Amino acid sequence: MYFVLNKQTVHALPGLENQNLQLCCKCWKAYTAVTIHYLNKQYCYQLIRCSSSVAANYSASQRAKSTADFINKLKIVEEEADESVLFLKLLKEFNPAFQHQLEELIAEGTELLKIIVASIKKTRLNTSENFHS
């Protein structure tokens, strides 16, 4: 089986919130494509939970009540994105037939993780600079 992860399957939408949502949708498509046995089922359930949490918590971060609240919500996004990448790597390990497709998702998840970490660092730096001004 092969699952399609191109722009025709999940429409490209602008903005980081939509990138998070797209990753969540692609993870769901991966779940529907791999052979479901006990190990895959457990990893896929975890992947769906944490990738959904990335999208939901990033959306919530955009409505943060303060800079501290924003950073706290982004830290949750960071943890969930990191877990998403971990479960994608585990699925890749146990599903060699889908290695290429899962590597694409791992790269996308890792890139989003890097963006989130950079956002947290930049926000902390800006907060620190404003505090000392």
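These legends accompany close-up views of a predicted model.

**View 1. The overall fold is built from helices.** The protein has four helices and zero strands. Read along the sequence, the order is α-α-α-α. Of the 133 residues, 40% count as buried. The accessible surface of the protein comes to about 7800 Å². Carbon and sulfur atoms hold 56% of that surface. Among contacts in the protein with a separation of 6 or more, 69% join residues 24 or more positions apart.

**View 2. Helices α1 and α2 pack against each other.** Two packed helices are described by the angle between their axes and the distance between the axes. Helix α1 spans residues 16-33, and helix α2 spans residues 38-61. Their axes come within 9 Å. They cross at roughly 165 degrees. Angles over 145 degrees count as roughly antiparallel, so α1 and α2 are roughly antiparallel to each other. The crossing of the two helices is left-handed.

View 3. From α1, the residues in contact with α2 are Leu-16, Glu-17, Asn-20, Leu-21, Cys-24, Cys-27, Trp-28 and Tyr-31. The α2 residues that meet α1 include Cys-44, Tyr-45, Leu-47 and Ile-48. Further along α2, Ser-51, Ser-52, Val-54, Ala-55, Tyr-58 and Ser-59 are also among them.

View 4. A search of the whole structure finds zero disulfides. Cys-27 is in no disulfide. Its nearest cysteine sulfur, that of Cys-24, is 6.8 Å away. Cys-50 is in no disulfide either. For Cys-50, the nearest cysteine sulfur belongs to Cys-27, 7.4 Å away.

**View 5. Cys-27 and Cys-50 are buried.** The cut-off for buried is under 20% relative accessible area. Cys-27 has 0% relative accessibility, so Cys-27 counts as buried. Cys-50 has a relative accessible area of 1%, so Cys-50 is buried too. Cys-27 is also one of the α1 residues that meet α2.

**View 6. Asn-72 sits in helix α3.** This helix covers residues 67-94. Asn-72 has a relative accessible area of 49%, so Asn-72 is partly exposed. The cut-off for exposed is over 50%. Asn-72 and Ser-61 are 11 residues apart along the chain. Their C-alpha atoms are separated by 8.3 Å. Ser-61 belongs to helix α2, residues 38-61.

Terms used:
Residues numbered from 1 in each chain as written. Predicted model: local features only at pLDDT ≥ 70, side-chain atom pairs only at ≥ 80, totals over all residues. Heavy atoms only, no water. Buried < 20%, exposed > 50% of the residue type's maximum accessible area, 1.4 Å probe, protein only. Disulfide = S-S within 2.5 Å. Contact = heavy atoms within 4.5 Å. Areas by Shrake-Rupley, 256 points an atom, 1.4 Å probe, with all protein chains shown as cover. Axes fitted to C-alpha atoms, helices over the stretch in contact; angles between N-to-C directions. Parallel < 35°, antiparallel > 145°, perpendicular 65-115°, else oblique. Left-handed = near helix turned anticlockwise from the far one by under 90°.
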